[in-house]
Amino acid sequence: MLFATVSVPISDWWGGSHAIRRKQIAYQQAQDQLADNAQLLTIRMQNAWNSVVESQQQLAIARRSIEQSEENLRLHRDYYRAGTCKMSNLLEAQLLYQQSCDKHTDAYADLQNKILELG
């Protein structure tokens with residue numbers, strides 16, 4: 001009669017399969033994180049682009065406001081010269097013109113900032 005014993009450490013098999021499983025889980029987590037970061041980047045880029053478009057629209061509105069206030073100021077100058085309006089009306093028209101110029105400057109600066117954020 002011949003007896004032979006084979007000693008196979010089960011703990012190594014057990015540990016190896018767990019190590020592989022841990023690596024697979026870590027890999028999947030890294031893949032998920034990559035996908036999340038890509039989506040966040042896309043959202044940030046879209047938000048930045050939307051801000052630029054909105055700033056361009058605000059600038060266009062400010063330009064139209066300047067045009068309208070220029071015409072209003074011209075009319076009030078003519079009315080004042082003709083003696084049909086008061087100095088306070090002319091000064092108010094000048095104030096409105098200056099305010100619309102200031103808004104245009106602010107809108108332009110905001111647009112440039114948004115373009116820098118996008119870039």
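## Surface and overall make-up

The chain has an accessible surface of about 9900 Å², and carbon and sulfur atoms account for 57% of that. Keep in mind that this is a predicted model.

As for what's inside, 14% of the chain's 119 residues count as buried. The secondary structure is quick to list: two helices and zero strands. Now look at contacts between residues at least 6 apart in sequence: 70% of these join residues at least 24 apart.

## The negative patch

On the surface, a patch of negative charge brings together Glu 54, Asp 102, Asp 106, Asp 110 and Glu 117. Helix H2, which covers residues 87–118, is the top contributor here, with four residues.

Take Asp 102 as an example from this group. Asp 102 sits in helix H2 and has a relative accessible area of 39%, so it counts as partly exposed. Patch members need over 30% relative accessible area, and Asp 102, at 39%, is therefore past that cut-off.

## The nonpolar patch

There's also a nonpolar patch on the surface, formed by Tyr 80, Met 87 and Leu 91. Together these residues have about 270 Å² of accessible area.

Met 87 belongs to helix H2, the helix that spans residues 87–118. Is Met 87 buried or partly exposed? With a relative accessible area of 39%, Met 87 is partly exposed, because that label covers values between the 20% limit for buried and the 50% limit for exposed.

Technical notes. Residues numbered from 1 in each chain as written. Predicted model: local features only at pLDDT ≥ 70, side-chain atom pairs only at ≥ 80, totals over all residues. Heavy atoms only, no water. Patch = residues over 30% accessible without salt bridge, like charges linked within 9 Å, V, L, I, M, F, W, Y side chains within 5 Å. Areas by Shrake-Rupley, 256 points an atom, 1.4 Å probe, with all protein chains shown as cover. Salt bridge = Lys/Arg side-chain N within 4 Å of Asp/Glu carboxyl O. Lys, Arg positive; Asp, Glu negative; His and termini not counted. Charge placed at Lys NZ, Arg CZ, Asp CG, Glu CD. Buried < 20%, exposed > 50% of the residue type's maximum accessible area, 1.4 Å probe, protein only. Contact = heavy atoms within 4.5 Å.
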